[in-house]
Amino acid sequence: MASCHSRSCPRRNRHPELSVRLTALTGTRVRYVDLATQELRESLVRHAGMPDWLADHVTEIQQLAKARPERPTGTVADLLGRPPRTLHAFLQEHRADFRR
């Protein structure tokens, strides 16, 4: 029988924290800017070259994530049978990818 699992981890990593960690990892300043929905949409279309339909989809997901943030759970550990990697461990494992 199939089942559905919420895939959040035991700790929530916030965007400002991620920008600080990426700055430390790469030596290049990384900023998180919380844009209003319309500003985000316009930036995705104008600067990222995203088609309108995809920019609409991304901003809808962003709005949903802000309105109903996922709560940390132990589901990933339960499914893997081991603790999930931490954000720090993931960034260290992929540090070369972030320095390109």
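Predicted model: local features only at pLDDT ≥ 70, side-chain atom pairs only at ≥ 80, totals over all residues.
Local features require pLDDT of at least 70 and side-chain atom pairs pLDDT 80 or more, while totals for chains, interfaces and linings use all residues. Residues are numbered from 1 along each chain as its sequence is written, and side-chain values use heavy atoms, without hydrogens and water.

The protein chain contains 6 helices and 0 strands. Helices are DSSP runs of H or I with at least four residues, and strands are E runs of at least two. Of the 100 residues, 14% are buried. Buried means under 20% relative accessible area, exposed over 50%, and partly exposed in between (1.4 Å probe, protein chains only).

The structure holds 5 salt bridges, each defined as a side-chain nitrogen of Lys or Arg within 4 Å of a carboxyl oxygen of Asp or Glu. One of them joins D34 to K66, with the closest N and O atoms 2.6 Å apart. D34 lies in the loop between α1 and α2 and K66 in helix α3, so the pair ties together parts 32 residues apart in sequence. D34 is partly exposed at 48%; K66 is partly exposed at 44%.

R41, D52 and D56 form a network of salt bridges. The N to O distance is 3.3 Å for R41 and D52. R41 lies in helix α2 and D52 in helix α3, 11 residues apart. For R41 and D56 the distance is 2.5 Å. R41 is buried, at 18% relative accessible area, whereas D56 is partly exposed, at 30%.
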